[in-house]
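Open the model in your viewer and get ready to select residues by number.

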Amino acid sequence: MSNLKIAIQKSGRLSENSRKLLEECGIKISNGANVLKTSAGNFPIEVLFLRDDDIPQYVEQKVADIGILGENMVFEKNKDVEIMEQLGFAHCRLSLAIPKEESFSGPGYFNNKKVATSYPRLLRSYFDANNIEAQIEEISGSVEIAPGIGLADAVCDIVSSGSTLMTNGLREVVTVVKSQAVIISNKNLDKSKQEILSKLLFRVRAVKNAKENKYILLNAPEEAIPAICEILPGMKSPTILPLVEKGWCSLHSVVKEDEFWERINQLKKAGAEGILVIPIEKMIL
Ligand code: PRT
Ligand code: ZN
């Protein structure tokens, strides 16, 4: 059986999380900073370290079978590949930004303007969809300095915290597309590679579910249990164990990370005490 070839970013914003994800899926890869590829000791996978820009093309051409990269790059390159799973890291957006002192009335602002970007295809489709006639100045990096040096009137660049735009006197006015890291796949994998990919995706989902949820334990008087069960539906229904102290029990369940603080307040109001919240390592639904 041949190995599944996965392309990940060699060095950059995605590399650490991509390696970590494979590790959390139980796939051990060696660290060698200067190697171009390596295989895992305990899973039929080979890892290729590439520039993120090249990954869509290599996956389309089957140099790699699958890859991890940002959706922004997948959409920009527009290759014939399939997005298999969103990975929940490297969240960012491709946005249009203008000098902060300018007023902005809507997309029409960009008519007859010159906009610098490394994402000409995505920007062109945004302008076309909004019937904007603008000039796109394609540059490969340091897009945010373009207005300051007189190269362009505005920029279209990746934003996460917004501080790069701010320190360059720019103001974000339109989100063109949102992005996070994804796994893409070649569309014509043979059966054995598809099977390895399914195994990998199963593990990836278990890791993702675990991150999105917390294990919660609490003590409560018996009469508070129905109200607490309403607040904490859990995976199926909460586990309830009696405590040594009469009339009290311990309740175990799972709570979504993003609902967690709100639930804690409701639980306290309902009578819960001694609440413990514990990370989950893997969660299989
Ligand atoms: O060498 P290689 O080509 O592989 O890497 P690269 O330098 O092209 O890419 P890299 O490592 O910078 O980014 C890889 C991917 O990370 C991107 O394609 C996005 O999917 C994702 N990502 C997430 C980001 C950011 N956040 C991000 N903040 N990519 C770039 N930025 C840059 C942005 O270009 C701008 O210069 O960070 C600056 C803005 O950040 P804030 O926080 O100041 O808004
Ligand atoms: Zn790149």
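Select Arg 205. This residue is partly exposed, with a relative accessible area of 36%. The model is a predicted one, so treat the stops below as computed positions.

The side chains of Arg 205 and Glu 85 form a salt bridge, 2.7 Å from N to O. The two come from distant parts of the chain: Arg 205 sits in helix α6 (residues 191-212), Glu 85 in strand β5 (residues 81-86), and 120 residues separate them. Is Glu 85 buried or exposed? Glu 85 is buried, because its relative accessible area of 11% falls under the 20% cut-off.

Glu 85, Arg 205 and Lys 208 are joined in a network of salt bridges.

Next, select Arg 263 and Glu 259. Their side chains meet in a salt bridge, with 2.9 Å from N to O. Arg 263 is partly exposed, at 22% relative accessible area. Glu 259 is also partly exposed, at 29%.

Last, select Asp 53 and Arg 51. What links them? A salt bridge does, and its closest N and O atoms lie 3.4 Å apart. Check the surface here. Asp 53 is partly exposed, with a relative accessible area of 24%. Arg 51 is exposed, because its 58% is over the 50% cut-off.

How many salt bridges are there to look for? The count comes to 13. The pairs on this tour are among them.

Note on methods: Residues numbered from 1 in each chain as written. Chains lettered and ligands numbered in written order. Predicted model: local features only at pLDDT ≥ 70, side-chain atom pairs only at ≥ 80, totals over all residues. Heavy atoms only, no water. Salt bridge = Lys/Arg side-chain N within 4 Å of Asp/Glu carboxyl O. Buried < 20%, exposed > 50% of the residue type's maximum accessible area, 1.4 Å probe, protein only. Helix = DSSP H or I, 4+ residues; strand = E, 2+ residues; numbered from the N terminus.
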